[in-house]
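Here is a briefing on the structure shown below. Please read it with the sequence and the model side by side.

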Amino acid sequence: MTKTESSNARTVTLEPDDPNHLALLCGQFDQHLRQIEQRLEVSINSRGNQFVIDGEPDGVENTARLLQNLYRDVCMGIGLGPESLHLQLQQIDMEADIQPGADASIEQLTVIRTKRASIKPRGRNQQGYVKSIARNDVNFGIGPAGTGKTYLAVACAVEALMEERVRRILLVRPAVEAGEKLGFLPGDLSQKIDPYLRPLYDALYEMLGFETVNKYIERSIIEVAPLAFMRGRTLNNAFIILDEAQNTTREQMKMFLTRIGFGSTAVITGDATQIDLPRGSQSGLIHIMDVLDGVDGLGFTYFQNRDVVRHPLVQRIVEAYDAHDIQRTTSLDGTRS
């Protein structure tokens, strides 16, 4: 120990004593432990599979439960990185994440298995989102950037394909935010739209591997297309993801939803605060939230700022923008009155 332990110090012994799993838990140069220390205001000293935690009682208790939960996940083959640890820390006070003795079978249901990684949704909203996708044919994931909406949708699509519940995956996005005007871009159709689908490709490469993704694209098992190219199609036995849906028009959203055929699952994701449509055009995502309110068989998941899984600074930026927009709206309303 580098300093004297207080009376609040607690020793947690993690079993089984596996050096490889313990190394994954701690992270390179103990970066995961340092991240936990900073956020929960505790100190952690590790001795093999024993972790001595010191700090305020609440912080010590939360850290102990967090380490136990994280080590259980690592032993199950679930990857641990700064992003997933950040969200676990964000949700530290949520009972679903820290309840001792949680039913392992329930935890198992929330794990998404892909070829190269096992992915566990973090927090109530992500867990509810994945369960909603499993239950409903059409699902909406709405919320700010960095909440895992698209990443989890791709993970669910890959799992469904691996388990042969669908025959193919379709990734759809408004190709150019302001009206899908592709003509001025150089190259063929694929080269024109690829930059706008890059986040989806990146998720697929992580879960399936570069060679497998390219093979599936060549065989049309995975298809990527701009939204305008969905007209006239009926999509059966497919997992369809419409990303950046806030940049669809009302007509485009209706067209997309009426393409869905038998045996298919559709996930529509978007951020209602980042609309890039031309002035005067109503977002199809915002419109559909009212149109389909109360319709059976649909799932709506609304993510909040606290669900952001990217760098902690991203959450603070989102919150700052929200506060600024509220202040500006209030100021304008006062001026008008």
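**A buried loop residue**

N136 is buried, at a relative accessible area of 16%. The model is predicted.

- N136 sits in the loop that links helix 7 to strand 6.
- With neighbours within four places in sequence left aside, N136 is in contact with T265, G297, L298 and G299.
- The cut-off for buried is under 20% relative accessible area, so N136 at 16% falls in that class.

- Strands of a sheet pair through backbone hydrogen bonds, either parallel or antiparallel.

**Strand 9 and its partners**

- Strand 7 (residues 168-173) pairs with strand 9 (residues 238-242) in the parallel sense, over five bridges.
- Within that pairing, V172 has L242 of strand 9 as its bridge partner.
- I169 stands opposite F239 in strand 9.
- Strand 9 also runs parallel to strand 10, and four bridges join the two.
- I241 stands opposite V267 in strand 10.
- How many residues of strand 9 are buried? Five of the five are, so strand 9 is largely enclosed by the rest of the structure.
- In a regular strand the side chains alternate between the two faces of the sheet.
- Strand 9 is covered on both faces. A238, I240 and L242 are buried on one side. F239 and I241 are buried on the other.

**T269 in strand 10**

- T269 lies in strand 10.
- Is T269 buried or exposed? T269 counts as buried, at 0% relative accessibility.
- T269 and T301 are 32 residues apart along the chain, and their C-alpha atoms are separated by 9.6 Å.

**Backbone details in the loops**

- The peptide bond that joins E15 and P16 is cis, with omega about 0°.
- P16 belongs to the loop between strand 1 (10-13) and helix 1.
- D30 has a phi near 60°, a positive value in a residue other than glycine.
- D30 lies in the loop between helix 1 and helix 2 (31-40). D30 is partly exposed, with a relative accessible area of 26%.
- E41 has a phi near 55°, again a positive value in a residue other than glycine.
- E41 has its place in the loop between helix 2 and strand 2 (42-47). E41 counts as exposed, at 68% relative accessibility.

**Helix 1 against helix 3**

- Helix 1 (residues 19-26) and helix 3 (residues 57-75) pack at an angle of about 125°, and their axes are 9 Å apart.
- That angle makes helix 1 oblique to helix 3.
- The crossing of helix 1 past helix 3 is right-handed.
- Which residues of helix 1 and helix 3 meet? On helix 1 they are H21, L22, L24 and L25. On helix 3 they are L67, L70, Y71, V74 and C75.
- By class, this contact of helix 1 with helix 3 has eight nonpolar residues, one polar residue and no charged residues.

Key. Residues are numbered from 1 along each chain as its sequence is written. This is a predicted model: local features need pLDDT of at least 70, side-chain atom pairs count only at pLDDT 80 or more; totals for chains, interfaces and linings use all residues. Side-chain values use heavy atoms; hydrogens and water are left out. Axes are lines fitted to C-alpha atoms, for helices over the stretch in contact, and angles run from 0 to 180 degrees between N-to-C directions. Angles under 35 degrees count as roughly parallel, over 145 as roughly antiparallel, 65 to 115 as roughly perpendicular and the rest as oblique. A crossing is left-handed if the near helix is turned anticlockwise from the far one by less than a right angle, and right-handed if clockwise. Contact means heavy atoms within 4.5 Å. Ala, Val, Leu, Ile, Met, Phe, Trp, Tyr, Cys and Pro count as nonpolar, Asp, Glu, Lys and Arg as charged, and the others, Gly among them, as polar. Two strands pair if DSSP finds at least two bridges between them. Buried means under 20% relative accessible area, exposed over 50%, partly exposed in between (1.4 Å probe, protein chains only).
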